[in-house]
Amino acid sequence: MASPVTAGRILQLAWPIVLANSAVPLLGLVDTAVIGNTGRVEDLGGISLGALVFNFVFWGFGFLRMGTTGFTAQAAGRDDSAEVRAVFARALLMAGGLGVLLLIVQVPLARGALALLGASSEVEALTRDYFDIRIWAAPASLGLFSVMGSLVGLGRTRQVLLLQFLLNGLNAGLDVLLAGVLDLGVQGIALGTAVAEWITFLAALAVLARVFRRERTDREPWWPLERIRDRARGRAMLVANGDILVRTLFLLLGFAWFTNQGALFGDDILAANHVLLQLVSLSAYLLDGYAHATEILVGRAVGSGASEAFDRAVRLSTGLSAASAVVLAILVLLGGPTLIRILTDLAPVRAIATDYLPWTATYILVSFAAFQLDGIFIGATGTPEMRNASIVSFFGFLILSLALVPVAGNTGLWIAFVLFVLLRAVALGVRLPSVRRARFTGGSVGGA
């Protein structure tokens, strides 16, 4: 029997994800701190643009995690363990194929990505060094998305925590060793990340196999081939994943536009904005813990047809997330200068980043609404709405930045960036009532 939806249950699901997610941007902080204190501003810029490229290359396929979570949670809500395994098999097959494809097209992919980014020639060369090494982790990175999606959908957030700590512990240790001790610089950062991802992916497969054995309630084959090959279910998953892909690409385009516009102001502002984005990323991953809990509870409510559980999950998780956003924004305002000093010893970068801390805190304060709505729509497989909201918010951001940057410089860019996340929340919020009605009054449910 499913656990009742309470604030305690949400926190029970969310706290391992909060800790696991915090390890992701903390890794970025380690990367930034190692280079910021042992390298030059060009090295820091190379890490910034290198990370941006892989936001597109790897995070662009984040649908392998999000889509898997929604369909898995709904299947779990129906107590259909065979479909849970079939969902994972479809996701893993897609991840493997896409990972190999990225390896095949890596040369034109790198050239195309660098052609779109504006930076000095030295920063661009360092970015290419980073790319040429990190790309070899593509199959492992994408495969890990599918494993994490299954674990989150099943509510196995503690296993996610352990795997994320393994990944980031290995990664941070290797970064310090390779880039700091052995002085391999940007190449050491990339190599450490690639090795850590492969090791963690293999460990994650073993963990998920153990979870499947414990969750199994059916007598179908371990890999239910008929379900895996089912055209209707496969088509529903492909369509949902396509929607999430478009959604993610437009969000990443927004971050790319923000970074690229900052690069046009010079290497110092590029580096300062990158440092501040580490604080934004840290807060986003912390708040996303509530969104992950919402995905699980909303997906199970949709799968079991429990509208009251849906409403309660949305209400309680959003309240907790809003309160946490207020606390995080205050902490960034008060502790931001200290974090900036830790992240870099470059005086011009420190000064610029400190000046823009209030805008960073403002972004964090208002961003929780978009994260929570993402969690609701992922759990309900409301992927067309997610796709449309990201498109609308990106073009709104583009127009706002083109209007504000010429008159207010980097300040105008930050104002437009804050409005970017607000626009996404509004675009999702207006569609929530209709998605809820469709799921509980006879509308179609993805994967059902």
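# Figure legends: close-up views

**Figure 1. Overview of the protein.** Of the contacts in the protein with a separation of 6 or more, 85% are between residues 24 or more positions apart; a contact means heavy atoms within 4.5 Å. The model is predicted, so local features are reported at pLDDT of at least 70 and side-chain atom pairs at pLDDT 80 or more, whereas totals for chains, interfaces and linings use all residues. Residue numbers start from 1 along each chain as its sequence is written, and side-chain values rest on heavy atoms, with hydrogens and water left out. The protein has 17 helices and 0 strands, taken as DSSP runs numbered from the N terminus (helices H or I, at least four residues; strands E, at least two). Of the 448 residues, 58% are buried; buried stands for under 20% relative accessible area, exposed for over 50%, and partly exposed for values in between (1.4 Å probe, protein chains only). The accessible surface comes to about 17300 Å², and carbon and sulfur atoms hold 67% of this area. The areas come from the Shrake-Rupley method with a 1.4 Å probe, and for residues only the protein chains shown count as cover.

Figure 2. The whole structure contains 2 cavities of 30 Å³ or more. A cavity is a set of points on a 1 Å grid over the protein atoms alone where a 1.4 Å probe fits but cannot get out, and lining residues have an atom within 4 Å of a point. The second largest cavity holds about 40 Å³ of space, the volume being that filled by probe spheres set on grid points joined across faces, edges and corners. Its lining consists of Leu251, Phe255, Tyr363, Phe420, Val421 and Arg424. Helix 11 (231-264) and helix 16 (383-429) each contribute at least two lining residues, and helix 16 gives the largest share, with 3 residues. By class, the lining has 5 nonpolar residues, no polar residue and 1 charged residue. In this scheme Ala, Val, Leu, Ile, Met, Phe, Trp, Tyr, Cys and Pro are nonpolar, Asp, Glu, Lys and Arg are charged, and the others, Gly among them, are polar.

Figure 3. The protein has 18 aromatic pairs, where rings of Phe, Tyr and Trp (its six-membered ring) pair if their centres lie within 6.5 Å, and planes under 30 degrees apart are stacked, over 60 edge-to-face and the rest tilted. In one of these pairs, Phe212 and Trp222 are arranged edge-to-face, 6.4 Å centre to centre with 70° between the planes. Phe212 belongs to helix 9 (residues 185-215), while Trp222, 10 residues apart from it, is in the loop between helix 9 and helix 10 (225-228). Phe212 is buried at 3% relative accessibility, whereas Trp222 is partly exposed at 26%. Phe394 and Phe395 also form an edge-to-face pair, with 5.2 Å from centre to centre and 70° between the planes. Here Phe394 is buried at 9% relative accessibility, and Phe395 is partly exposed at 42%. One aromatic cluster is formed by Phe255, Phe258, Tyr363, Phe397, Trp414, Phe417 and Phe420. Members of the cavity lining include Phe255, Tyr363 and Phe420.

**Figure 4. Surroundings of Ser367.** Ser367 is part of helix 15 (residues 357-379). Its relative accessible area is 2%, and the residue is buried. Leaving aside residues up to four places away in sequence, Ser367 touches Leu287 and Val421. Val421 is also one of the residues that line the second largest cavity.

**Figure 5. Two loop residues with positive phi.** Asp79 is a residue other than glycine with a positive phi, near 60°. Asp79 lies in the loop between helix 3 (63-77) and helix 4 (81-104) and is exposed, with a relative accessible area of 58%. Thr381, again not a glycine, has a positive phi of about 45°. Thr381 sits in the loop between helix 15 and helix 16 and is buried at 8% relative accessibility.

**Figure 6. Separations between residues apart in sequence.** Leu49, in helix 2 (residues 41-57), is buried at 2% relative accessibility. Ile199 is in helix 9 and is partly exposed at 41% relative accessibility. From C-alpha to C-alpha, Ile199 and Leu170 are 8.8 Å apart in space, and they are 29 residues apart in sequence.

Technical notes. On a 1 Å grid over the protein atoms alone, a cavity is a set of points where a 1.4 Å probe fits but cannot get out, and a pocket is an open set with protein on both sides within 12 Å along at least five of seven lines; lining residues have an atom within 4 Å of a point.
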